[in-house]
Amino acid sequence: MTTLGIVGAGAVGQTLATAMVSAGLAQRLLVSSRTQSPAQALADDLADLAASTSSPTTVTAAALPDLLDCQAVVIAVRARFTNTASRNVRMGGAAANAPVVRILAAALRGHSGTVIMVTNPVDLLSRLFAEFSGCTRVFGIGSNLDTARYRLTLAHLLNVPKEAVQGHVIGEHGDGAVICASTTTVNGHPVHVPLKAVREELTARPGRISSGIGRTRSGPAGAVLSTLRLALGHHDGTTELTTPHNGDWYGIPLRFTAGQPVPCLPTLDSTETQLLHAARTKLHTAYTELVHPEGAS
């Protein structure tokens, strides 16, 4: 019996859980939150959804230790804080969200399944959770979402179906994202990528969504679903996820076969190589300051 868990019953957690039940990926979904009341309320609401749609998923409110036996756990918590950052917006949540993620890491220490991090800054918090929990299958969904937005944006700019576009966004989920334009193809053929227009849209899109509906939610839900299908071995394929690579944590493409990932970083041109190095350096420095603030200058 496949059992999945989700931590977080806020706006993003609700959307993610709704998508998971609608997709019917598991026989059981365990919902956990900071307090019991929101978790139980969400579980009840999702049970209504499952009954109405004949989903095979049974939903139960659960405590964190109950999630240890799940095949996969999705973390979508958010501390209560106001993000006032105008640049590096996702990094603005590091100090507030890190203590919450550390608590979850302690509670789920030794979990042998897959952990999918949604909470921002996703690259830093994926690493934080992994290192403090000892879990070995931890992935962040940031570059997955960036890549989906990139392909959609480029398809619109070039007036082609989005399925025709193949290309990756790697590195940081945020201002340091690296668009792999040199290896992007349309219908299998190299294409000129209008990078300025693409970057403008990728920068504006999250803020536009958040200002309109309060928070991005459906996009992350899609990234989680596609990752779960690969990590659980339901499908084989390639997706972009935060993972440890060459001593740091950042987004790269991973090829999953029967649930097992293998890095498959595309060939980068000189500019992309420099940008990836800058993103790695930025994330490494930010993580060091997050974990050892007393050592920061």
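I started at Leu 228, which touches Leu 4, Met 20, Leu 25, Ala 72, Val 74 and Ile 116, leaving out residues up to four places away in sequence; contact here means heavy atoms within 4.5 Å. A note on the source: this is a predicted model, where local features need pLDDT of at least 70 and side-chain atom pairs count only at pLDDT 80 or more, while totals for chains, interfaces and linings use all residues. Residues are numbered from 1 along each chain as its sequence is written, and side-chain values use heavy atoms, with hydrogens and water left out.

Next I looked up the largest nonpolar core, which has 76 residues. Leu 16, Leu 29, Val 74, Phe 129 and Leu 228 have the most contacts inside this core. H7 provides its largest share, 7 residues. A second, separate core has 12 residues, among them Tyr 150, Leu 154, Ala 164 and Val 186. For the record, a nonpolar core is a set of buried Ala, Val, Leu, Ile, Met, Phe, Trp, Tyr and Cys residues joined through side-chain atoms within 4.5 Å. Buried means under 20% relative accessible area, exposed over 50%, and partly exposed in between (1.4 Å probe, protein chains only). Helices (H or I, at least four residues) and strands (E, at least two) are DSSP runs, numbered from the N terminus.

**Pocket and cavity**

Grid points are joined across faces, edges and corners, and a volume is the space filled by probe spheres set on the points.

I find that the second largest pocket has a volume of about 540 Å³. It is lined by 28 residues, and Asn 144, Thr 147, Ala 148, Arg 149 and Arg 151 are the closest to its centre. Helix H7 (218-231) is one of the elements giving two or more residues to this lining, and H7 gives the most, with 8 residues.

I then counted 1 cavity of 30 Å³ or more. The largest cavity has a volume of about 40 Å³, and its lining consists of Asp 123, Leu 124, Arg 127, Asp 248, Trp 249, Leu 283, His 284 and Tyr 287. At least two lining residues come from each of helix H4 (122-133), strand E13 (248-257) and helix H8 (270-291).

**Cysteines**

How many disulfides does a search of the whole structure find? I get 0 disulfides, taking a disulfide as a pair of cysteine sulfur atoms within 2.5 Å. The sulfur of Cys 70 is too far for a bond, because the closest cysteine sulfur, in Cys 135, is 12 Å away. For Cys 180 the closest is in Cys 264, at 11 Å, again too far for a bond. Cys 70 is buried at 3% relative accessible area, and Cys 180 is buried at 0%.

I noted a cis peptide bond between Asn 120 and Pro 121, with omega about 0 degrees. Pro 121 lies in the loop between strand E5 (114-117) and H4.

Ser 54 is not a glycine, yet its phi is positive, near 60 degrees. Ser 54 sits in the loop between helix H2 (36-53) and strand E3 (58-61), and is exposed at 64% relative accessible area.

Notes
On a 1 Å grid over the protein atoms alone, a cavity is a set of points where a 1.4 Å probe fits but cannot get out, and a pocket is an open set with protein on both sides within 12 Å along at least five of seven lines; lining residues have an atom within 4 Å of a point.
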